Structures are given as C-alpha cells and as structure tokens.
Amino acid sequence: MSEREGLSADTTHFTLEGVPFRILGGSIHYFRVPRAHWRDRLLKLKACGLNTLTTYVPWNLHEPERGVYVFHEELDLEAYIRLADELDLYVILRPGPYICAEWDLGGLPSWLLQDKQMKLRTTYSGFTTAINSYFDKLIPKIVPLQFKRGGPVIALQVENEYGSYAKDDQYLSFIKEPQKPLLVMEYWSGWFDVWGEPHHVFDAQEMISTVRELLDRGVSINFYMFHGGTSFGFMNGAIDFGTYKPQTSSYDYDAPLTESGDYTVKYHLLRNLLSTYNKELLLDPPSVQSRRAFEPVVVTHYISLWQSLQCVETLIRADDPLNMENLPANGNNGQFYGYTLYETDIYTGGELNSRNHVRDRSLVFLDRELIGVLDYRTQKIRISHIKGEMTLGLLVENCGRVNYGPGLDHQRKGIVKSPFSIFLTYCRFCSCELLLLLISLLQIQLESLKWVSVGNKPSYPAFFRGRLVVDEPTDTFVKLPNWSKGVVFVNGRNLGRHWSVGPQKALYLPGPWLRSGDNQIVVFEEFKADESIHLSENPGYGKIIDVSRHPFCTLM
C-alpha cells in the first residue's frame, strides 16, 4: 500500500493528504475510562461533530516498575487507537513522557525519585536513560498506527507545558524524536477540583461564544476535557503554588460529557454549533447508559488496621525512616502510592515537630491511640504524658504528587527526612502498598482474621465491609454521607478517596466492575464510619464556583 500524505501545516491551515483539514478534537483518556465504556464515549465524541480524539499516555501506569511494561486490558493503548480508527476518528497522541493531566507526578513513574540526584525533565542521564528505555517499548506500538501507514494517528505531541517548568535548553531538542508535526491545543471546557474547595464549573454559553469566535477565524480546536472520567485509585495529582492542594478522584472537569458519560447542556450546544462547521453528516448520539440507585449496603463487620497488620509478614527496621520511594517494595522500586505506617519507641515527651518533612498527611498515634494529625498546616503536636516505653506511630498518606510546576522536583513521600530528633532511635515500618496489599489479603483471609460485628465500638482506623447484591450490573455512585475520610474498594478495585471536606460527595462505580449476585464493598476509614453505604444514581457536590467569572489563576 502506498504511503498516505500525513498532517502538515502551511502558513494558514493544516492539510491532510494535501487537502485543507480542520482539527475538531476532544480529549478522552483511556486510563480514566473503564475499557467496557470506551466505545460509548468515543461514539458520543463523534456524534458531537468532532473528528479527532486526543489522549495522553501515562508512563507511570505503563512502566509501574523499572523494566516492567503493561499494555493490556485497561491499558491496551493499541486497542484504544484501533477503536478510534474503526469509528473513523483521527488521533493525536500525547505520549509525554511528562503529561501533567492532574495525574500523579504528571505521569512520571515515582521510582525515578529513588535517585537522590534525579533532575526530572532535563538531560540528566538518569532521566534520559529511563525515557529511552520506555520509548523503546512504546514507539514501536505507535509506528504502525501512524496515518501514513494506514492508521489514525495524525500527530504526536512530545512533552507538555515545558514553558511552565523550563530549565534545560537542550531538553526539548532531545525529547522531540521521533519528529512529527507538532500541535499544542487545549481549550478548557471546565476545570479540575481540589479537596476542601468548591466544585469548579465553566459557563456553557460563554464556552460556546468563545468556540464560535475561534471557528469563525478558521482555528482548529481541541476540547480539554471532552470527557474527563475518573482518576481511579491513588492516581490523582496535586498543585503547589505556595500551598499544597491534592486533587479529587473525580475528573469530571465540568466537561461536555460528565464523569459517568452523560450528556450536558454543553454537549448539546456544542453539537449544534459544530454541525454548522462539520460538513459531514452527524451521527445520532448514542442512548444514555443506564444508572441506578441500589438499596443501601448495610455495613456488617469491621477489622481495625492494627489487627489487619497480621497480613503483613514482615516489617522493615531501619535506623532512620525511609521515604516511600526508597522502601524495599515492588521489586525494590519503592512504594508508589497510598499509606505507610512508621513506628518507633519513645521514652520521653515533648513537642513533635514535623518541620514539613511528613508528606503529605499523617495520623499520629501513641500506643496506637490517635493523638492528632500532621499535615502542611499543622506541623506540631505536644506529647506530654509518657509512661515508660511507648510506641509512637505515624500513618502517613501520600495524598498525590504534584503534577505541574517547579514543585515536581520535590515529590518524595512518606517521612522524607527525620524531623523528630530524640524521638527516633530506630524505625519500623510496612514495606508495602499498605491498603492495596491488605485489601488483597483480607479478601483471601476473611474468616481467619476475626472480623468484628459493627455492634461493637470500632477502633480506628479500620476496614469496614458490606455486601451489595446486584441483579443486573449497572453504573452507580457510592456515597458516604456520615463517614469522614478514607478509600473505597469494590470487588478489590480501588475507586478512589472519599473525604467529607468535599467538594466530591460520591465515587463513580462503573457497572462493568460489578457482577450479578454478591459484590463486596470495603471502606478504609480513618475516623468515623456509619452503619450503611449509599448507592446513588447521581453524584453530588458541595459549594460550586463558576471559573468563567473568576480568574482561574486565583484558584491555584
């Protein structure tokens, strides 16, 4: 087959196969959407009048451990691109290696931070060597999917937003291979959320007005996001422009398609507008997928964190605490996400001053009784009553690594430097992705671990479980109105974090992750649990702020 003429740019417009071509694109990240819903979301994009799909490629998911590559199931990038081709969509691929995307460490794998000299996004050899190894695996998967070779990929964007970070003049020259037409386009249809602040929305009419002006001037456009989806598990990022703020698990983004794939006013207005510019016949929008509110799940049993540690076969001992990235876990690639428990023996009281070396948030225990919380705002706790030898414990949570800006270089988590002077003579800690490992083991050892009836007063933190009986699996939302903070697992899948501070009030539970019959819900709760877990048809938010009427830079 003869090679097709790919995307090119002259002084006024793009061409594809030598014909003037306008990019009408929308961003949908395959790693934020259950694979069973890929087709539905892409059909909705096409039915809106768009002709191009854009997606990032997260290095930290595809190479979770150094030299271990994952490109199957939910991470089958090639299948996602081929599906776009089947639906007659072009693809602009954004493989990074840095992607931002409100994703942990901007998509860079945390094991890079094991190197104390690491200089991210530079020509530092430790970084470029790792990129080369990863791209050696990634690029051969992309090459056959290029437009010139019969595939749908019309362009690649290497790196991302380097102007916000730039400190190495040679880096972009290094990273631009393989050379393809460069395209940068993000029209923000909404905005992301951070914990403890309002839910951000963007006025639909104002969006349409701006888009109409751009199109009238002949500008190509890509909507970021067209469908945001969900940062499942512990993959949310954070921002830090003087104050650290972790982002929510929901990546709804107030986009034309909601987190669960519903049409919005923005979608219908945009479709009407694009129909006047896209001369091709528009598809009828697919039917809305069903969702339902199941009966509340009764919480029947719990097991405290301390009892569940029986599942952990070994604890690591060290003279000084190690940060998460340097724990001997995951094939010596460190701990990636979640919580780490640090414990040590103390013999005297005094002031516990974290000096900002506890990242990002820690429950503090004395003989496993909660005495306070350390975070970026609260860095001191007074310990006044010591009765001989007592155990000081810190359950430290990585709330999400910064994904944007100069703070990217300072994202080691856990206890990053010993701040407690006389308190720490040695430290023992779990060398595992604490919650993920425990959930896996708890499912296997449910009977042997003596779960306690919730009729007894729980000892926190704790795992709580209930049984959801489903006749026909369908999408729903998990709501925990009278709980405090923690993580939700359904059939072993981590849906994300819940936190009463909002704005996110519900966790999206995809129907394909449920099964007919019994489904197990396990909630890790730090402070306060209720007797039931609610399943709702729709999400909920706390206070809302319209970013179209407030400069977004003030929200950082």
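Colleague: What should I know about the model before reading values from it?

Modeller: In this predicted model, local features need pLDDT of at least 70 and side-chain atom pairs count only at pLDDT 80 or more, while totals for chains, interfaces and linings use all residues. Residues are numbered from 1 along each chain as its sequence is written, and side-chain values use heavy atoms, with hydrogens and water left out.

Colleague: Into which domains is the chain divided?

Modeller: Domain bounds come from an automatic or database domain assignment. Here they are domain 1 (7-276), domain 2 (297-305 + 438-536) and domain 3 (320-425).

Colleague: How many residues does the contact take from domain 1 and from domain 3?

Modeller: Contact means heavy atoms within 4.5 Å. Domain 1 gives 37 residues and domain 3 gives 28 residues.

Colleague: What area do domain 1 and domain 3 bury between them?

Modeller: Buried area is the accessible area (1.4 Å probe) that two parts lose on being put together, summed over both. For this pair it is about 2,700 Å², with 54% of it on carbon and sulfur atoms. In domain 1, the residues that lose the most area to domain 3 are Leu113, Gln114 and Tyr244, together 24% of what that side buries.

Colleague: Which residue forms a salt bridge with Asp104?

Modeller: A salt bridge is a side-chain nitrogen of Lys or Arg within 4 Å of a carboxyl oxygen of Asp or Glu. The partner of Asp104 is Arg401, with the closest N and O atoms 2.9 Å apart. The rule finds one salt bridge across the interface of domain 1 and domain 3.
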